[in-house]
Amino acid sequence: MNEVPLTHILFVSTALFFIGMYGLFTRRNMITMLMSIELLLNSVNINFVAFNKYLYPDKLDGVFFAVFIITIAAAEAAVAIAIIINLYRSHKSIDVEDAAQLKW
Amino acid sequence: MNYQLYILLIPLLPFATFVLLGIFGRRYFKKSSGIIGTTALAASTVLSVMTTYNYFFVDGKVNGIYQKIVPLKYTWLQFSPNVSIDMGVLLDPISVMMIVIVSFVSLMVHVFSLGYMKGENRFATYYSFLSLFTFSMLGLVLSSNIFQIYMFWELVGVSSYLLIGFYFDKPSAVAASKKAFIVTRFADLGFLIGILILGFYGGTLDFNTLTERLTSAQSPQLIGITTASFLGVSMLTWGLTLVFIGGAGKSAMFPLHIWLPDAMEGPTPVSALIHAATMVVAGVFLVARLFPIFSMDPVVLNIVTWVGASSALIAAIIACTQTDIKRVLAFSTMSQIGYMMFALGISGNGGEEGLGYMGSMFHLFTHAFFKSLLFLGAGAVIHLVHSNDMKDMGGLRKLMPITHLTFLIACLAIAGIPPFAGFFSKEEILLAAFHSNTFVYGIGLLTAVLTAFYMFRLYFSIFWNKTSSPALPKVEGFEHHNEGTLSMKLPLIILAVCTVGAGFIPFSKLVTANGTPLQTQLDVMFSIAPVLLSTLAILLAAWLYKTENEKPAIIAVSMGAFYNATAKKFYIDELYLFVTKKIIFNLIGRPAAWIDRNIIDGCVNGLANVTGTTSNIIKVVQSGKVQSYALYFFGGIAGLAIIFIYLWK
């Protein structure tokens, strides 16, 4: 079986990245936005793993980075959901447009 | 004899009292502050007398000449290897004479105030201010450096300001204190410039060095200062004139005298101390301190003479018409200081020529006693009558016999009747004037006659005039306080004794221009004219004011415009007001205010407006919308990516 070329994997990760960005900018629901951010992070993870495998097969630096990012993403999700819950308690809404008080 | 051990204590004891009472007085020493201040000052007085005794009779003299001794000197600010501001002590005949006057009169005033200010709410504050004044004045007379004297000069100005405005809930007192401060401050500007001129050309600020350099004929400094000129007048003349302006402001010389009558708003003992005996003679002291340099320049001496003589005469004329007893005394002070000034002006520096100098210092000495006695007596009268106006008084001689007697002694002294102190000193001045300038002698004689007249007008109006005692205000619990407490009577008696005795001090042997004794004795034939004329003036005053009658009013009416002008103090105050309010305010004040409001404020406001407008424009970026922030963020990343990939080579 032929190996999948690197460009294919990069294509997938780029697609994933822009889908995430699209979701982040268009959705008003904060849970959805959080999900979009996860997509962004995972596209980066794919890049890290792919480059590690294709460019430096004898090293594991990229894989470690991916593991770190997953860990941090978990923590970030916990914090973000906590913020969203608090926001819901005070605003009775998780629409991002309703939470625009922090401005000039 | 080592002076160092205790001479510093003389000014520092009052300073310690000032700090103690100023900080803790109102809380902890409300009742005892008077005793504390008086005790410390009594110690200071004893030390002053000891110093003076040592100086004059033990070790001040070398080869029959009194030396200028500098027992203590500490360099405070070094400007260049030669010029420095020092803090030091200079002992010479006039400074040791002054420390005795200052500490002694201040002590008398402290004691008097124990009774006079009793029950006053700010009793401790009053004593702390008095201590501050005494400290500054002692520091002033002991200064060894011209800049040091300037600092203490300002300090006495401040303490005078604080004490004039002591009753700060009275608008007139506040106005008077401001007036005194501003007028003297204005004059001090001249003093400062004068110091800078003398210091620049003399190359030093130290009194002894300065005097030495500017009086020895061949010194490069003297040649420098006399050849340099500005507007056609030599820098020596400029410097000395400016210094004299400072002295004239402090000594209330015409035309800078306007603050002195108003300064009478302060408590009466303060007037006795500051505005009669000590601070106002600081100007005379300053001229005397720099006298060797003044005597190098006849032009300045002429200015001193004429300012002094005109002040003496004008003040004496005005004093004849005033009805406020403290104001009469204030003008009398001004007149007597004018006496001292012109005596300095007509004096020469050495030998028998220095009679004017010696007479001036002698008069300063005796004047301190009898004038503070007059003020304290007036204070006792005011304490009883609760009014400053002569019209409310009269017939008080039976009610207050001690005050009456001591006041009479002081009046006789100031009128120059032998054997009281004023006679001796005044004769010396008149004699000196007679030998150098007959016209000044005439003015002096006329002033002496007027002095006798207005003092006895005052005396008769207070103590005789009405047959019955005036209706005194009844104060609960004070039915028998006719003369005040013992602490008020005692200073009067002591000062009266001094007034009688001070004239017999052999002053010509002790205080002279160059330290050598003078061989002057009183000329009996010469003294006949002044004494006779003064006696006539006293008789005239007695004829007019001893009983209540219509004569003074008739004379006043017949004098017409002249009387009115005199009663209004020759409209000098009005002239000042016109100049300041109409001319200075309109020509300088208003344009300056316009520039400040429109140009200076305009710049600052414009800057603020520009910042505000810009912020308003860019603040919309911070919208609070998370997604737009994210958009900016990604846009920024994309922009940086483009720059790094394609443009960064």
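**Entry 1: the two chains**

I began with the contact between the chains: nine residues of chain A touch 10 residues of chain B. On the chain A side I sorted these by class and got seven nonpolar, one polar and one charged. I note here that this is a predicted model.

**Entry 2: chain A**

I looked up the secondary structure of chain A next. It has three helices and zero strands. The order along the sequence is α-α-α. Of the 104 residues in chain A, 9% are buried. For contacts in chain A between residues at least 6 apart in sequence, I found that 47% join residues at least 24 apart.

**Entry 3: chain B overall**

I count 27 helices and six strands. The C-alpha trace spans about 115 × 70 × 55 Å along its principal axes. Buried residues are 50% of the 649 in chain B. Of the contacts in chain B with a separation of 6 or more, 79% come from residues 24 or more positions apart.

**Entry 4: the core**

I went to the largest nonpolar core, which has 204 residues. Val284(B), Val287(B), Leu344(B), Met361(B) and Phe456(B) have the most contacts inside it. Which helix gives this core its largest share? It is α17 of chain B, residues 355-385, with 19 residues. Leaving out residues up to four places away in sequence, Val287(B) touches Phe244(B), Gly247(B), Phe294(B), Val304(B) and Leu344(B).

**Entry 5: α4(B) against α17(B)**

I followed α17(B) to its partners. Helix α4 of chain B, residues 93-116, packs on α17(B) at an angle of about 5°, with the axes 11 Å apart. Angles under 35 degrees count as roughly parallel, so α4(B) is roughly parallel to α17(B). I listed the residues in the contact. From α4(B) they include Ile94(B), Met97(B), Met108(B) and Phe112(B). From α17(B) they include Met361(B), Phe365(B), Leu376(B) and His383(B). By class I get 11 nonpolar, three polar and no charged residues.

**Entry 6: α16(B) against α17(B)**

Are α16(B) and α17(B) roughly parallel or roughly antiparallel? I looked up the axes: those of α16 of chain B, residues 325-345, and α17(B) come within 8 Å and cross at roughly 170°. The cut-off for roughly antiparallel is over 145 degrees, so α16(B) and α17(B) are roughly antiparallel to each other. On the α16(B) side, I noted Lys326(B), Leu329(B), Tyr339(B) and Leu344(B) among the contact residues. On the α17(B) side, Tyr357(B), His363(B), Lys371(B) and Phe375(B) are among them.

**Entry 7: Val621(B)**

I finished on a loop of chain B. Val621(B) sits between α26 (572-618) and α27 (626-647). Is Val621(B) buried or exposed? I find 11 other C-beta atoms within 10 Å, so Val621(B) is exposed; the cut-off is 12 or fewer. I also checked Val621(B) against Tyr632(B). They are 11 residues apart in sequence, and 9.6 Å apart in space from C-alpha to C-alpha.

Definitions and conventions:
Residues are numbered from 1 along each chain as its sequence is written. Chains are lettered from A and ligands numbered from 1 in the order in which they are written. This is a predicted model: local features need pLDDT of at least 70, side-chain atom pairs count only at pLDDT 80 or more; totals for chains, interfaces and linings use all residues. A nonpolar core is a set of buried Ala, Val, Leu, Ile, Met, Phe, Trp, Tyr and Cys residues joined through C-beta atoms within 7 Å. A residue is buried if 20 or more other C-beta atoms lie within 10 Å of its own, exposed if 12 or fewer, and partly exposed in between; C-beta atoms are placed from the backbone. Helices (H or I, at least four residues) and strands (E, at least two) are DSSP runs, numbered from the N terminus. Two residues are in contact if their C-beta atoms, placed from the backbone, lie within 7 Å. Axes are lines fitted to C-alpha atoms, for helices over the stretch in contact, and angles run from 0 to 180 degrees between N-to-C directions. Angles under 35 degrees count as roughly parallel, over 145 as roughly antiparallel, 65 to 115 as roughly perpendicular and the rest as oblique. Ala, Val, Leu, Ile, Met, Phe, Trp, Tyr, Cys and Pro count as nonpolar, Asp, Glu, Lys and Arg as charged, and the others, Gly among them, as polar.
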